[in-house]
Amino acid sequence: PRMEEGLSLVVFGAGLQAEMHIRSIQYLLNIGRVVIVNRSSERADKLKGELMQSTHDEESKTQTVSDISIVLLSDKEAVQNAVRSADIVATTTNTSTSLFRGEWLKAGCHINAVGSYTSLTREVDDELVKRSEILIDTQEALYVGDLSYLMENRDAMNCIGLIGDAIVGNISFGKLRDGNDGSIDCTFYKSVGTAIQDVVSAQYVYDNALKIGIGVKVEM
């Protein structure tokens, strides 16, 4: 029943990363509600308008989400309500302090955190890290402020490995969450970015452009 009515997606930030997260997650899952949390309403309103203009596309298997709302980051009560009801949370900001309290998340929630990339920046707190099974894109992600708890508590077993290992099937993401005593009840993917992902993505786009006959060849 939950999947039929659609999942609730909460996105912090209203830039390109936020937009791409919303569109890509829509492609994979049935999203019934999107909440955009941002410091100002201007960029959030613009993003909402662009998303509302999207039309159903049979080829891409995505569809318009009509229930899109905006919450200002300064409205703490509204932020808390949005996070508490979220099935998926994506953080795409450059903040140096956590955006919400990890204890607000309901069991089973998944988090994508992609905004912070230094030891002095963080989007999530230690409580979220403690209760999450964690997947990272590269080893460098362990040194970002978000995961400082893991570096201070080396015996913590929350981080199970790299996304590459999960893609090829060497590790099972979600197994720790589903088979423990209940202390770990969320999943968390932390990305700081890596060039190899950009190269693979660019190759995929190039190959598909050739396949369907679009694009312009430029002599260098």
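**Close-up 1. Packing of helix α2 against helix α3 in a predicted model**. The axes of α2 and α3 (residues 41-53), lines fitted to C-alpha atoms over the stretch in contact, come within 11 Å and cross at roughly 30 degrees, on a scale from 0 to 180 degrees between N-to-C directions. That makes α2 roughly parallel to α3, a term for angles under 35 degrees. Ala18, Glu19, Ile22 and Arg23 in α2 meet Leu47, Glu50 and Leu51 in α3, contact being heavy atoms within 4.5 Å. The residues of this contact comprise four nonpolar, no polar and three charged ones. Helices (H or I, at least four residues) and strands (E, at least two) are DSSP runs, numbered from the N terminus.

Close-up 2. Apart from residues up to four places away in sequence, His21 touches Ala90, Thr92, Asn112 and Val114.

**Close-up 3. The open sheet**. Eight strands with parallel pairing follow the order β3-β2-β1-β4-β5-β8-β6-β7, a pair requiring at least two DSSP bridges. Because β3 (67-72) and β7 (159-162) stand at the edges with a single partner strand each, one side of each lacks a neighbour in the sheet. Four bridges join β1 (residues 7-12) to β4 (residues 88-91), and Phe12 stands opposite Thr91 in β4.

Residues are numbered from 1 along each chain as its sequence is written, and side-chain values use heavy atoms, without hydrogens and water. In this predicted model local features need pLDDT of at least 70 and side-chain atom pairs count only at pLDDT 80 or more, whereas totals for chains, interfaces and linings use all residues.

Technical notes
Parallel < 35°, antiparallel > 145°, perpendicular 65-115°, else oblique. Nonpolar A, V, L, I, M, F, W, Y, C, P; charged D, E, K, R; others polar.
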